[in-house]
Amino acid sequence: MNALLRGCTVLACLGLGLGLAWSMLELPPAPIQMPGLVASHMDQSGVDHPVTAVLLNFRGYDTLLEVAVLLLALLGMLAAGTTPLHASSFKEAPMLTALARALTPIAVLVAGYLLWAGAFKPGGAFQAAAVLAGAAVLLRIAGLLPSWTTPADGLRLALAAGLLVFLGVAASGLALGGLLAYPPEWAGTLILLIETSLTVSLALILAGLFLAGPDSRPPEEQS
Amino acid sequence: MPDLPILDLTLAAALLFTGWRTLAAPDLFKAVVLFIVFGLFMALAWARLEAPDIALAEAAIGAGLTGALLLDALGHLRARRHGRSLQDPQP
């Protein structure tokens, strides 16, 4: 009976998968040629890399809301409270500590490069932030970085800075014609400003998902 | 004999295999490790599809950070099961 049920499930899944694949192949070609549209507006975007141009200029809304969602996720997690079991009892491991110490400066360098490279080739705020957050997680596991439950004022500001700067730039665009409409001659600078603040905030948010927890160390050591 | 895209075929097979193993693994720790491996293969696949932006994001966020978070959660689960002392997040 169980085997029969399983067989039926597998058959149903196969059927669904094949049906989906078939309908994908049957889709009519998209009515708008997005790549061409993007390519023809690249000179107004302020950057030289189409992905960055789409993410931060043509479709800035999506990125703005994505950042807001991430911040809300962390706030929700902090509000829900962390489990008291989150021990700061990662074992002392000399190799791990040495590795974390050696890798962190490189991670910061790579993050800076990724952020800068976003303007003209693959890279950007999200990738840079993920690398920074990875370094923070490594430091936490090695016991070099304390965890935090209630972020101090500076940390709160840094967590929200990305979204605030993005919102500020988006709103100031209102005076010039529309939400998130950058003047072309300023677009490059504005995008770099947004991406830099986003990198800091996103790195802290992503790392915060891992770092949030009761802390045994005094608050002035928290960063 | 026509030129077979051996690398791509292997990659697709590895993706399907690790995906299936991730879902089917009875041991949660094994499943998390397989999930990380799946993320790395996925990043390779994005790179092969000439989407380096997504490949970077997948490797850093999908495989790296999500893997760390899942391992952390696993540590919590084990600690809760074995009482209050969290000795080691990994078995």
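## Exercises on a predicted two-chain model

A:Thr199 has its place in helix H9 of chain A. Keep in mind that this is a predicted model.

**Exercise 1.** Work out whether A:Thr199 is buried or exposed, and find which residues it touches beyond its neighbours within four places in sequence.

*Solution.* 
- Step 1: start with the accessibility. The relative accessible area of A:Thr199 is 5%. The cut-off for buried is under 20%, so A:Thr199 is buried.
- Step 2: look for partners. Setting aside neighbours within four places in sequence, A:Thr199 is in contact with A:Leu115, A:Ala125, A:Ala128, A:Ala129 and A:Leu132.
- Step 3: A:Ala125, A:Ala128, A:Ala129 and A:Leu132 belong to H7(A), on its contact with H9(A).

**Exercise 2.** Describe how H7(A) packs on H9(A): what is the crossing angle, and what is the hand?

*Solution.* 
- Step 1: get the geometry. Helix H7 (residues 125-141) and helix H9 (residues 184-211) of chain A have axes that come within 8 Å and cross at roughly 35°.
- Step 2: get the hand. H7(A) goes past H9(A) in a right-handed crossing.
- Step 3: list who takes part. On the H7(A) side you'll find, among them, A:Phe126, A:Ala133, A:Val137 and A:Arg140, while the H9(A) side includes A:Glu195, A:Leu202, A:Ala203 and A:Phe210.
- Step 4: sort by class. The contact has 17 nonpolar, one polar and two charged residues.

**Exercise 3.** Now do the analysis for H5(A) against H9(A): what is the hand of the crossing, and how do the contact residues divide by class?

*Solution.* 
- Step 1: the axes of helix H5 (residues 60-80) of chain A and H9(A) come within 10 Å, crossing at roughly 35°.
- Step 2: H5(A) passes H9(A) in a left-handed crossing.
- Step 3: from H5(A), A:Thr63, A:Val67, A:Leu70, A:Leu71, A:Leu74 and A:Met77 meet a set in H9(A) that includes A:Leu198, A:Ile205, A:Gly208 and A:Leu209.
- Step 4: by class, that gives 10 nonpolar, two polar and no charged residues.

**Exercise 4.** How many disulfides does the structure hold, and how accessible are A:Cys8 and A:Cys13?

*Solution.* 
- Step 1: over all chains, there are zero disulfides.
- Step 2: A:Cys8 has 46% relative accessibility and counts as partly exposed.
- Step 3: exposed needs over 50%, so A:Cys13, at 51%, counts as exposed.

**Exercise 5.** Sketch chain B from its elements, then find where B:Glu50 sits.

*Solution.* 
- Step 1: chain B has three helices and zero strands, running α-α-α from the N terminus on.
- Step 2: of its 91 residues, 33% count as buried. The accessible surface of chain B is about 5800 Å², 70% of it from carbon and sulfur atoms.
- Step 3: B:Glu50 is in the loop between helix H2 (28-48) and helix H3 (52-81) of chain B.
- Step 4: check the backbone. Phi of B:Glu50 is near 60°, a positive value in a residue other than glycine.
- Step 5: B:Glu50 is exposed, at a relative accessible area of 70%.

Notes:
Residues numbered from 1 in each chain as written. Chains lettered and ligands numbered in written order. Predicted model: local features only at pLDDT ≥ 70, side-chain atom pairs only at ≥ 80, totals over all residues. Heavy atoms only, no water. Helix = DSSP H or I, 4+ residues; strand = E, 2+ residues; numbered from the N terminus. Buried < 20%, exposed > 50% of the residue type's maximum accessible area, 1.4 Å probe, protein only. Areas by Shrake-Rupley, 256 points an atom, 1.4 Å probe, with all protein chains shown as cover. Axes fitted to C-alpha atoms, helices over the stretch in contact; angles between N-to-C directions. Left-handed = near helix turned anticlockwise from the far one by under 90°. Contact = heavy atoms within 4.5 Å. Nonpolar A, V, L, I, M, F, W, Y, C, P; charged D, E, K, R; others polar. Disulfide = S-S within 2.5 Å.
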